[in-house]
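Here is a short briefing on a predicted model.

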Amino acid sequence: LNPDVLNPKDLQAVATVATIPTVLITQPEKYKTIQEFVGAAKANPGKLVCGGAGIGSATHMAFERFRFSAGIEQVLTVHTKGGGEAITEVLSGRADCYFALVFQAKKMADAGKVAALATSSPKRSNLMPDVPTLEEHGFQNASYNFWVGGLEGITNDSVLVVAEIPGFLPDTMKVYVRRPVFELSSVPTTT
């Protein structure tokens, strides 16, 4: 948020607007299955490189939940300035994996540029229905969704600020929606 326009202290959370699954992507010639990936990670502690979109980002948290569930002791996580750079690291072979947002992964997976091994969501993604979830692969408590939330001004309830996807939109493209438009929706999206 731009503190010159809105002070974050003057906002309160009002709704989850959407959740977005992430997809574990790798180079297709390197790992064909999630079992191969986990086997390589366990056999070579600290040798696999995982791209990240920043410490504490949704993609980082998705990988950490998976790593703990899979019993992978150690990987080298390289945090980049955002998802685009992390995906480039996988495409170039400098990173072994990355949990990409599903809409980022789909076109590359369809073109054969990456292998989509699993989604981090509790249910399969509508965009990639053939990609199983981590839990379907047997990794319990590994689910983690990226979420986008709505914020409301504490002092002025006529404005709803829809939180942006960190690093996805430039600061000049932050989204502001009038509250009456939001109220036309019966229930905030939660899929």
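The buried residues of H1 pack against strand E2 (22–26), helix H2 (58–70) and strand E6 (115–119). Buried means under 20% relative accessible area, with a 1.4 Å probe and protein chains only. Helices (H or I, at least four residues) and strands (E, at least two) are DSSP runs, numbered from the N terminus.

**Basis**
- This is a predicted model: local features need pLDDT of at least 70, side-chain atom pairs count only at pLDDT 80 or more, and totals for chains, interfaces and linings use all residues.
- Residues are numbered from 1 along each chain as its sequence is written, and side-chain values use heavy atoms, without hydrogens and water.

**Helix H1**
- H1 spans residues 34–43, and its buried residues are Ile34, Phe37, Val38, Ala40 and Ala41.
- Down the axis of H1, these buried residues fall within an arc of 160°, so they line one face of the helix. The arc is taken from the directions from the helix axis to the C-beta atoms.
- An α-helix has 3.6 residues a turn, so residues three or four places apart point the same way.

**Whole protein**
- The protein has five helices and nine strands.
- Of its 191 residues, 41% count as buried.

**Val90**
- Val90 lies in helix H3 (residues 83–92).
- Val90 counts as buried because its relative accessibility is 1%.
- Beyond four places in sequence, Val90 touches Ile25, Thr26, Gln27, Ala95, Cys97 and Tyr98. Contact means heavy atoms within 4.5 Å.
- Thr26 is 64 residues from Val90 along the chain, yet their C-alpha atoms are separated by 6.3 Å.

Technical notes: Buried < 20%, exposed > 50% of the residue type's maximum accessible area, 1.4 Å probe, protein only.
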